[in-house]
Amino acid sequence: MAILDGIKRQLRSVIEWQNPDPDALFQQWTDNGDEIKNASSLIVGPGQGCIFVYEGTIQAIIQEPCLINLKTDNVPFWTTIKKFMQFFESEHKVGIYFFKMCKVLDQKWGTTSVIKYEDPKYKFPVGLKAYGNYSYRISDPRDFFVNVVGSQNDFFISDFRNILSARIIHPLTDFLASSTFSYADIDANREEIAGNIQVKLAIVFRKLGFSITDFRIEGTDFDELTLSRINRIADLTAEAQAAQAVGLDYAKVQQLEAMREAARNESGGAGMSMGLGAGIGLGQSMAHAMTGPESVAVPAPMAKLAQLKEMHDAGLITDEDYAAKKKDILDKF
């Protein structure tokens with residue numbers, strides 16, 4: 001009875017892609033040649049396609065939903081298959097494969113390594129990481145089978161994801177290297193960058209039988225070295241804007257800060273005198289620059305008091321020193 005049941009199952013065998021793996025793009029229906037020879041009907045569901053392969057060569061392709069009675073219907077697809085069925089000697093010589101015709105939506109991508117290029121504005125090396133999503137579909141089953149699947153029996157969405165991740169680095173690097181976008185412009189121009197990359201990817205994947213129907217950049221990030229450079233630029237920009245807001249020359253503010261640090265780090269009386277001397281010289285330069293040529297006519301005690309005030313405000317002398325020196329100058333006056 002078991003043998004008869006097995007024969008009955010073979011005789012009523014239906015070629016159909018039932019409950020496919022959600023991750024499957026392409027799967028062989030069976031590796032049993034007898035099941036194919038004894039099948040009674042072929043069902044291709046919505047969003048599916050079917051390829052008949054004999055001796056490694058595609059003989060027929062179905063890309064529309066259909067129900068074919070293999071015993072009676074005179075359908076070109078199955079007529080082609082029946083011409084070969086009488087020559088089947090091994091299940092390895094024939095294959096019926098199903099594939100997804102529908103779009104594969106909202107797939108995630110991310111750069112597998114840091115994209116490096118030179119910032120066109122600040123002229124320093126940038127290390128960029130990016131991620132986003134994309135959608136695609138099989139547009140040419142023949143190219144897909146010949147150029148991608150080959151001798152494999154199965155091909156999955158995760159396999160395609162690996163291919164795209166490996167191929168996205170080059171076009172993204174080329175675009176950023178040739179664009180005028182500084183690191184600060186990347187996020188504001190993600191749509192333009194994504195559109196350009198989609199065009200480049202479409203050319204590559206068209207040869208593989210795929211159509212990239214959507215490509216988006218959701219976010220970007222930078223490596224640690226780039227972030228360090230960006231933070232330094234932000235700090236310097238903030239300092240320059242603060243100096244400008246109070247009417248000071250940023251270069252002179254930087255010089256004053258350097259002199260203050262030098263004074264702090266000097267040891268001993270001689271060192272302190274050198275630090276103070278440098279501070280006085282800088283204070284004189286800043287006083288002259290900020291008060292203009294008319295400062296030449298200012299009486300000597302007034303100029304000294306102004307210099308002393310500059311040194312005190314810059315933190316080069318203490319409150320006690322400032323008060324003592326101020327009293328000394330006023331007493332002599």
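Tutor: Helices here are DSSP runs of H or I with at least four residues, strands are runs of E with at least two, and both are numbered from the N terminus. The model is predicted.

Student: How many helices and strands are there in the chain?

Tutor: Counting runs of that kind gives two totals for the chain. The helices number 11, and the strands number 12.

Student: What is the average pLDDT of the chain, and where does pLDDT stay under 50?

Tutor: The average pLDDT of the chain is 78, and 69% of the residues score at least 70. Over residues 289-298 the pLDDT is below 50, and that stretch has 6 contacts in the model beyond near neighbours in sequence. The value also stays under 50 in a stretch with 7 contacts beyond four places in sequence, namely residues 1-11.

Student: What percentage of the residues count as buried?

Tutor: A residue is called buried when its relative accessible area is under 20%. The chain has 333 residues, and the share that counts as buried is 37%.

Student: Among contacts between residues at least 6 apart in sequence, what percentage join residues at least 24 apart?

Tutor: Start from the contacts in the chain whose residues are at least 6 apart in sequence. Of these, the share that joins residues at least 24 apart is 73%.

Student: Which residues have the most contacts inside the largest nonpolar core?

Tutor: The largest nonpolar core has 48 residues. Helix α5, residues 157-178, gives the largest share of this core, with 8 residues. Apart from it lies another core of 17 residues, among them Ile 36, Leu 42, Tyr 54 and Ile 96. In the largest core, the residues with the most contacts are Phe 160, Phe 210 and Phe 215.

Student: Which residues does Phe 160 touch, leaving out those up to four places away in sequence?

Tutor: Phe 160 belongs to an aromatic cluster that also includes Tyr 134, Tyr 136, Phe 155, Phe 205 and Phe 210. Beyond four places in sequence, Phe 160 touches Leu 25, Tyr 134, Tyr 136, Phe 155, Phe 205, Phe 210 and Ile 212.

Student: Why is the pair of Tyr 122 and Phe 124 called tilted?

Tutor: The structure holds 19 aromatic pairs. In the pair of Tyr 122 and Phe 124, the ring centres are 6.3 Å apart. Planes under 30 degrees apart count as stacked and planes over 60 as edge-to-face, so the rest are tilted. The planes of Tyr 122 and Phe 124 stand at 40°, so the pair is tilted.

Student: Which residue's side chain makes a polar contact with that of Thr 220?

Tutor: Thr 220 lies in strand β12. The residues Thr 220 touches beyond four places in sequence include Leu 128, Tyr 131 and Ile 186. The polar contact joins the side chain of Thr 220, at 2.7 Å, to that of Asp 187.

Student: Where is Asn 19 found, and what is its phi?

Tutor: Asn 19 is found in the loop between β1 (14-16) and β2 (24-28). Asn 19 is exposed, with a relative accessible area of 77%. Although Asn 19 is not a glycine, its phi is positive, at about 45°.

Conventions: Residues numbered from 1 in each chain as written. Predicted model: local features only at pLDDT ≥ 70, side-chain atom pairs only at ≥ 80, totals over all residues. Heavy atoms only, no water. Buried < 20%, exposed > 50% of the residue type's maximum accessible area, 1.4 Å probe, protein only. Contact = heavy atoms within 4.5 Å. Phe/Tyr/Trp six-rings, centres within 6.5 Å; stacked < 30°, edge-to-face > 60°. Polar contact = N/O pair within 3.5 Å; in protein donor to acceptor, adjacent residues only side chain to side chain. Core = buried A, V, L, I, M, F, W, Y, C linked by side-chain atoms within 4.5 Å. pLDDT = per-residue confidence, 0-100.
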